[in-house]
Amino acid sequence: MPFEPVILFFLLGAAAGLLRSDLKIPGVLYESLSIFLLLAIGLKGGVELSRHPVAELLGQAAAVVAVAALIPLAAFPVLRRLGGLARADAASIAAHYGSVSVVTFAVAGAWLAGRNESAEGHLVVFLVLLEFPALVIGVLLARGGNAATPWRRVLHEVFAGKSILLLVGGLLIGWAAGADGIRPLDRMFFDLFKGMLAFFLLEMGLVAASRLGELRRAGAFLLAFAVAMPVAAGALGALTGTLLGLSVGGAALLATLYASASYIAAPAAMRIAVPEANPALSIGTALGITFPFNLLLGIPLYHSLARHLQGVPA
Amino acid sequence: MPFEPVILFFLLGAAAGLLRSDLKIPGVLYESLSIFLLLAIGLKGGVELSRHPVAELLGQAAAVVAVAALIPLAAFPVLRRLGGLARADAASIAAHYGSVSVVTFAVAGAWLAGRNESAEGHLVVFLVLLEFPALVIGVLLARGGNAATPWRRVLHEVFAGKSILLLVGGLLIGWAAGADGIRPLDRMFFDLFKGMLAFFLLEMGLVAASRLGELRRAGAFLLAFAVAMPVAAGALGALTGTLLGLSVGGAALLATLYASASYIAAPAAMRIAVPEANPALSIGTALGITFPFNLLLGIPLYHSLARHLQGVPA
Amino acid sequence: MPFEPVILFFLLGAAAGLLRSDLKIPGVLYESLSIFLLLAIGLKGGVELSRHPVAELLGQAAAVVAVAALIPLAAFPVLRRLGGLARADAASIAAHYGSVSVVTFAVAGAWLAGRNESAEGHLVVFLVLLEFPALVIGVLLARGGNAATPWRRVLHEVFAGKSILLLVGGLLIGWAAGADGIRPLDRMFFDLFKGMLAFFLLEMGLVAASRLGELRRAGAFLLAFAVAMPVAAGALGALTGTLLGLSVGGAALLATLYASASYIAAPAAMRIAVPEANPALSIGTALGITFPFNLLLGIPLYHSLARHLQGVPA
Amino acid sequence: MSVPIARCTLLTVVCEASLEDDLVADLGTLGATGYTITDARGSGAHGVRDAAWPPGANIRVEVLCDGRTAEAIAHHLEERYYADYAMVLFTSDVGVLRPRKFAP
Amino acid sequence: MSVPIARCTLLTVVCEASLEDDLVADLGTLGATGYTITDARGSGAHGVRDAAWPPGANIRVEVLCDGRTAEAIAHHLEERYYADYAMVLFTSDVGVLRPRKFAP
Amino acid sequence: MSVPIARCTLLTVVCEASLEDDLVADLGTLGATGYTITDARGSGAHGVRDAAWPPGANIRVEVLCDGRTAEAIAHHLEERYYADYAMVLFTSDVGVLRPRKFAP
Ligand SMILES: Nc1ncnc2c1ncn2[C@@H]1O[C@H](COP(=O)(O)O)[C@@H](O)[C@H]1O
Ligand SMILES: Nc1ncnc2c1ncn2[C@@H]1O[C@H](COP(=O)(O)O)[C@@H](O)[C@H]1O
Ligand SMILES: Nc1ncnc2c1ncn2[C@@H]1O[C@H](COP(=O)(O)O)[C@@H](O)[C@H]1O
Ligand code: NA
Ligand code: NA
Ligand code: NA
C-alpha cells in the first residue's frame, strides 16, 4: 500500500476543486476540525509527557529549536538573492517554512502507525516549540530590526493565537490528567482522530486546488523552492534527530516537522506583522505545493533518510 | 419493535416543526452531516467492492439501471395526463422519483441490520448508478429534446455535484484502501454512522414539517401519487432484485432504492436545468410524503414483498 | 486527582478568553453541541426509565419538584430586600437559580463516574421536571400576577423550547427503544458524551470569561449571592435526596440540580417574558460565578454533604 | 435596455437574535410583503454582542416597503422593543424594478 | 483630513443560494469589478426561505459599480431569472473613495 | 404616528476577516458608538475570497455615525490598510430615529 489512506481524502478534495464541484466544506467545519486536531495532538503529547521526566527533554528540545532556526535564516537569502523577491515576501515565506504544519505532522504519525512503527511521544512537544520561533525570526528579517513593528500585537498574535493556545492547553491537560484521567475522552480525541484528519484533508484539498491559480504569479523559482526547501530541511531534521538519539520513527517525524511549512499559524501572524508581504506567494507555495509534496513523497523520503542514517534495513 | 429507532428522530424533528419549537438545526450541521453520510456510504460500498471481482457486477448493474429508467418514463405521462401538471413540473417530479434517496437507503440498511439480516454489499454501487440517469431523463422530458438546454451546465451539475462526487470518491477510496486500509477510519465512518443518521433524520423531520404547508398547493392527486408511486416502484424493485438473484435483503434494498425519491441531488439539478418547474411541488411530495411513508411503512412493505417473491417465511 | 479532567477544558476556555486569544468557537458548534448534549442526556434517562416502573417515581418526583419551588420563592425576597434589586431583576435571577443547568448536571455525573460511584438513573427525569417550574414562578413574581403577561407566548417558549423538547424527546425515544434498541446509537450518544462535554466546556469557559466584565455592574451583593445561593440550595437538595431514600450519588446529583443555575433555557424564556430585566445581571452571576463555583467546588461539597447526611465514610 | 427604476424605502433593523420570531410576526401584521435576515454581531449601547452563544447573537433584518409602512414599522418597534432590547434601526431610499411588489 | 468622495451605485440582489455560481459568472461578463456575498434567509412572493437546508437558503449579493453597469445587470437578471426564481433587487446611491476601482 | 427621522451616515467596510480585532479597536478610538459585523465572501482587486478557510474570509462592517466621524474613519482606513489589505469602503445617507445615539 503506497499511500496512507487519509491522503486519498486530500486527493478527493483536490479533484473536487479542480472539477469545480459544488462541494463546499463549510468554513465552520474547518474551524471546528482544526480546534479538534490541535487539542487532540496536544492531549496526546501531554499524556506522553506525563510518563517521562520533563527535565530530560530540555537539552534535546534546545538543540531541536536551535537547529530549526537555521531554516528561515537560510531560506531568506536564497529567496532574496536567487529568487529576487522583495524583503517582506522573502521574510514571510521564510517564516512559513521555518514554522511547522500540524496536519503534515499528524499524517506522518498516521503513516508510521500504519507501518506499526513507533516514535518518541515527546515529538509533540517539539511541534509546539517549533511553531513560533520562525515567526519571530520572519518578522525580524522583514523589519531589518529597525522599523516600527507592533511587537506587542505580534507576540500576542503568536502566543495567544489559537494554534499555540490549543496545543499548549491540550499538552497541559493531558499532562495533568495523565493516561488514566484522559481515558474517558479517548473515544473522542484518539479514536476519532484519523477520521477527523480525513475530513480536514478533504477540505485542505479543496483549498489547495483553489490556490493553484495563484501559483502562476509565483513563477518557476518559487515552484522549485517549494520542493527543494522541504527536502533540504527534511534532511537536516533526519540528521539532527539521529544525532540526538531519536529512533528511526522519531527522526522521520522530526524531519517532517523541519520540512513542513505552516499554513495555520504563520499566515495569521504574517498578515498582522508583515502586511506588505503578498500572502498569495507564501500560502500558494506552502499549501499548494509543499503540503501535497510532503504528504505524497516527502514523508516516505524522510523516513528512508532516517533509516539510512541509522543503518536500519527496510 | 415495529420501528427502527432512528426513525423516532425523524418523528421528533417533525413534532418540533409542527409545534413551532425554536429548535433549529444549523444549516452548516445539515451540510456537514450530508458530507459525512455520502462519504461513509461510498466507503462502505468501496470496501465491499474490493472483496468482489467488479466485472461480475456489470451485467447486473446494467439491468438494474435499465429497469429503473422505466420509473420516470412511466411517472411522466401519469403526472401529465392524470394529474394535469405542466410539462416542466411533471418532468421534474418524474426525475425526483426516478432518482434515489441516500438517507432512505441508509435507514433501510439500518433496519435490515436491526433484524440481523444481510444484503449484498454492492447495492451501494447501484445507489450511485441510479442517482443520475433519471435526472437526465427528466431534463429530456421537460425540453422535449428541442429547446436550448444548458447541457454542459446540467451534466456538470450532476456529475461534479456533491452527491455523486462524494459517493464515487468514497467508493474509490474504500476500494483502493480495502477493509484493512480503512480500519483506522472505522471509528468515524462506520461506528458513528447510525448516530449521524439519527441527527440527519432529526433535521429532515424539521424540514419536512415546514414543507407540509406547501402540500396544500399540491392537491389530492399529488398526495395519492406520492404514496402510489413508491409502492409501484418498490414492487418493480423487489421483482427485479429477485429475478437478478439478489438475497431477500438485497431485493428489499433495491426495492427501497426504486421506491425512494431524491431530495438532495434532484432538487439541485432540476433548479438549474428546469427552472420553470415549481420546486414546492417536487420537494413537497418527495420529502413531505414519500420520504416519511418509506421510512415508516415502505421499507417493511418492500421487505415482505421480497420475502414473498422469494418464498421465504417471515 | 482533585478535578474531573473535563473541568480543565473550562479553565482552558476561560484562560483563552482572559488572554484575549483569537480562539473563537463558532456559534454553530455551540448549538450543535448543545443539541447533542440535551438529546444524549434525554436518551440516557429514557433507557434508565425503561428499566423501572414509572409509577413508582411519581411520588418522589412530586416531592422533588415541590421542594425545588422553595428556591426561587426564597431567592426573590432576598434579592429584593437585601440586594435592593428591581422587581423584574430579582424575579429573573430567582428564575435562573430555581431552574437547572444541564451541563453542571452532566459534569457531576462524570465526576461520580470517575469515582466509580453510581446514582439512580431516573435523576434525569428530575432534571427535566425541574427545568421549567421556576421559569413560570419567575414570571409570576415579576408580574405580581396582574400585568398583561403574554402567557401563551411564554408557555410556548418554555415547553416548545429547544431544551425541554430535546430532553423530553430523548427521554421518550430512549424509553420506547430501550437499551437494546439504542445500542447501535451508543457509539455516538454515550461513548462520545464526555468528549462533547469537554468541547462544550471549552466554549463555556470562553463565554464566561467574556461575561466577567459585566459582573462589575453586579456589585458585591450579587457576587456573594452567586456563591451562597448554590450552597444553600445544594444543602436543601442533599437533605431532600436523603429523606427520599436516594443513594449518596443520587442525593449529590439532586443537590447539584438544586444548586445549579440555568443558562440555556432561562435566559431565552426570561428575555421574552420579563424583557425589562437586565440579562447581564442574571447571566453574569449564573454563568460567570455560580457555574464555575459548582464545577470546581460545589460538586465535591454537595457530595460530601450527602455522604455526611447518610453517615457514609469517605 | 433601460429598466424603469422606482423609489422605495429600505428599512434595516439590527437587534437581538431572540427577537426574530416576534419581529417576523410584527412585520407581517404591519404590511411588509417580505424581509431578508442575516446573522450578525456587533456593539452598541447594550455592550458587545459577539455571537459566541445564542443570547449574545444579533440579526440584521431588511424590509423593502413604501415610506408609510416603514414609518409604521419603525414606530411600532420603537414603542415595543426600544426600552428593553438591544436594537438599532435606519432607513434609506433605494430604487427597485417593481415597486408594486413591496406595497401592502 | 478631507477624503474626496465620489458617487457610485450599489446594487443589492437577494436570491436563492443555488444561483450563486451562475450569478457570479454573469457579474463578471457584465462588467462588475467585484462583489460581496453574505448568507441570508427571508420571505417574499416565493414563500418563507428559512435556510434550514440548501434548497431553502438565500444569498445577499452586493455590487459596487457605475450606474450604467448596474442597469445592465438589473436588466439581465430580470430577463434571465425573475420568472423562475425567488429574487429581489434594489439599487442605491453611495459614496466611495476610489470610483475608478468600480468601473469596468 | 409620525416618527421624526434625522439624517446620519452609514459607513460600510468590506475587508479581510483577519482585520476584525484591529478594526474594532480603531472604530472605538475614532469615535464610533457601535458597529455591526456580518461574515462575507467576495471578489475584487485581490482576487476571489471564498471564505473556505479563515485566511480567505471577509467581514462586512457597518458603522452608523455622523458625517465627520465617517470621514475620519474612512481617512484612517485608507492610510492604514488600503495598501496592504483587501478592503472596500462606501458611505450612504440614512435616516435614524435617535441621531444622538450615533454621535461621539
Ligand atoms: N453606531 C452603530 N453602528 C452600527 N451598528 C450599531 C451601532 N450601534 C449599535 N449597533 C448595532 O445594533 C445592536 C444593538 O445596539 P444597542 O441597542 O445600541 O446595543 C448592536 O449590537 C450593533 O450590532
Ligand atoms: N419586501 C422585501 N423586503 C426585503 N426582502 C425581501 C422582500 N421581498 C423578498 N425579499 C427577499 O428576497 C427573497 C426572494 O423574494 P421573492 O422572489 O419575493 O420570494 C426572499 O426570500 C427575501 O429574502
Ligand atoms: N465592486 C465591488 N462590489 C462589491 N464588493 C466588492 C467590490 N470590489 C471588492 N469588493 C469586496 O471587497 C473585498 C476586498 O476588495 P479588494 O480589495 O478589491 O480585493 C472583496 O473580497 C469583496 O468582498
Ligand atoms: Na518547517
Ligand atoms: Na426512485
Ligand atoms: Na437550581
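Predicted model: local features only at pLDDT ≥ 70, side-chain atom pairs only at ≥ 80, totals over all residues.

**Entry 1: ligand 3**

I looked up the polar contacts of ligand 3 under that cut-off. On chain E, a polar backbone atom of Gly34(E) is 3.4 Å from a nitrogen atom of the ligand. An oxygen atom of ligand 3 has a polar side-chain atom of Lys101(E) at 2.4 Å.

Which elements give two or more residues to the shell around ligand 3? I noted strand 2 (35-44) and strand 4 (58-65) in chain E, and strand 2 (35-44) and strand 5 (87-96) in chain F. Strand 2 of chain F contributes the most, with four residues.

I counted 21 residues around the ligand, and those that come nearest are Thr36(E), Lys101(E), Ala45(F), His46(F) and Asn58(F). The site is shared between chains, because the residues surrounding ligand 3 come from chains E and F. By type, I have nine nonpolar, eight polar and four charged residues in the shell.

**Entry 2: the sodium ion**

I went next to ligand 6, a sodium ion. Which protein atoms are its donors? I listed the O atoms of Tyr97(C), Ser99(C), Leu257(C), Tyr258(C) and Ser260(C), at 2.3 to 3.1 Å from the ion. Along the chain these donors follow the spacing Y-x1-S-x157-L-Y-x1-S. I located two of them: Tyr97(C) is in helix 5 (residues 87-98), while Ser260(C) is in the loop between helix 13 (248-259) and helix 14 (265-273) of chain C. The pair is 163 residues apart and links distant parts of the chain. I checked accessibility, and both Tyr97(C) and Ser260(C) are buried.

**Entry 3: salt bridges**

Side chains of opposite charge can pair when their charged atoms come close. I searched the whole structure and got 45 salt bridges over all chains. I followed up some of them.

Lys194(B) is in helix 12 (residues 193-243) and Glu4(B) in the segment before helix 1 (5-18), so the pair ties together parts 190 residues apart in sequence. Are these two residues buried or exposed? With the cut-off for buried at under 20% relative accessible area, Lys194(B) is buried at 12%, and Glu4(B) is buried at 3%.

I also noted a salt bridge between Arg115(B) and Glu117(B), at 3.6 Å from N to O. Arg115(B) is partly exposed, with 42% relative accessible area, and Glu117(B) is partly exposed at 24%.

In chain D, Arg60(D) and Glu62(D) form a salt bridge, and their closest N and O atoms are 3.2 Å apart. I recorded Glu62(D) as buried at 5% relative accessibility and Arg60(D) as buried at 4%.

Last, I looked at a network of salt bridges that links Arg187(A), Asp191(A), Arg187(B), Asp191(B), Arg187(C) and Asp191(C).

Note on methods: Residues numbered from 1 in each chain as written. Chains lettered and ligands numbered in written order. Heavy atoms only, no water. Donors = N, O, S within 2.8 Å, 3.2 Å for Na, K, Ca; no water. Buried < 20%, exposed > 50% of the residue type's maximum accessible area, 1.4 Å probe, protein only. Near = heavy atom within 4 Å. Polar contact = N/O pair within 3.5 Å; in protein donor to acceptor, adjacent residues only side chain to side chain. Nonpolar A, V, L, I, M, F, W, Y, C, P; charged D, E, K, R; others polar. Salt bridge = Lys/Arg side-chain N within 4 Å of Asp/Glu carboxyl O.
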